[in-house]
Each structure stands twice: as C-alpha cells, then as structure tokens.
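Please read it alongside the structure.

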Amino acid sequence: MVSKMVKVTNEQGMHMRPATVFSAAVTPFDADVKINFNGNSYDGKSVMMLMAACIKCGAEIEIVCDGADEEAALAKAVELVESGLGD
C-alpha cells in the first residue's frame with residue numbers, strides 16, 4: 001500500500017468533469033484507489049463516490065493505492081490532481 005497527501009487545485013473542486021477524468025484514468029489499474037477526505041474513504045474509481053465526497057478547491061486529500069500496480073496508480077492519480085484534473 002502506498003499513499004500521498006495532495007492539495008486539490010481545481011477551482012471547482014471534484015465536480016462531475018474532474019471526477020470523471022480521475023475515475024477514467026485510475027480504473028484501468030489493478031490496484032484499489034481510495035481517496036481519504038474528512039475522515040471518510042471514497043472509491044477513486046467511482047464518479048458518484050467522488051462527487052459525493054464534496055471535495056472543494058484547496059482541500060487536502062490522501063490518495064491511497066493498494067495492489068499489483070499501486071506505484072503506477074498513485075503516480076497517475078497524484079499527477080491528475082496536481083495538474084487540475086483536466087480543467
């Protein structure tokens with residue numbers, strides 16, 4: 001299991017489009033991808049779960065990956081969040 005804390009830089013937070021971009025990018029990985037935020041854990045491969053998390057701009061989230069390709073999954077997830085999630 002690997003994890004990293006990152007800050008959400010997207011001005012709109014994790015709304016529909018960035019949640020879809022994130023989910024689509026991490027779904028091909030075999031590793032489980034979770035987002036820990038506000039004491040809860042959310043499935044990073046689920047658009048609805050990501051939107052339900054109500055993650056706003058400036059929020060500190062922990063991305064946790066666990067599985068065969070966890071390092072690659074974490075690298076991709078962190079890159080996406082730090083780049084603004086496509087917005």
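1. Basis of the note. This is a predicted model, in which local features need pLDDT of at least 70 and side-chain atom pairs count only at pLDDT 80 or more, while totals for chains, interfaces and linings use all residues. Residues are numbered from 1 along each chain as its sequence is written, and side-chain values use heavy atoms, with hydrogens and water left out.

2. Helix α3. Helices (H or I, at least four residues) and strands (E, at least two) are DSSP runs, numbered from the N terminus. After α3 comes Gly 84, with a positive phi near 95 degrees.

3. The buried face of α3. Its buried residues (under 20% relative accessible area with a 1.4 Å probe, protein chains only; exposed is over 50%, partly exposed in between) are Glu 70, Ala 73, Leu 74, Ala 77, Val 78, Leu 80 and Val 81. They fall within an arc of 160 degrees (taken from the directions from the helix axis to the C-beta atoms), so they line one face of α3. The buried residues of α3 pack (heavy atoms within 4.5 Å) against β1 (2-7), α1 (16-26), β2 (32-37) and β4 (60-66).

4. The nonpolar core. A nonpolar core is a set of buried Ala, Val, Leu, Ile, Met, Phe, Trp, Tyr and Cys residues joined through side-chain atoms within 4.5 Å. The largest has 28 residues, of which Phe 22, Ile 35, Ile 55, Ile 61, Ile 63 and Val 81 touch the most other members. Two or more residues each come from β1, α1, β2, β4 and α3, and α3 gives the largest share, 6 residues. Leaving aside residues up to four places away in sequence, Ile 63 touches several residues, including Val 33, Ile 35, Leu 74 and Val 81.

5. Asn 38. Asn 38 is exposed, at 67% relative accessible area.

6. The cysteines. Which residue holds the cysteine sulfur closest to that of Cys 54? It is Cys 57, 15 Å away, too far for a bond. The whole structure has 0 disulfides (pairs of cysteine sulfur atoms within 2.5 Å). Cys 54 is partly exposed, at 48%, as is Cys 57, at 42%. Cys 54 lies in the loop between α2 (47-52) and β4 and has a positive phi of about 55 degrees, although not a glycine.
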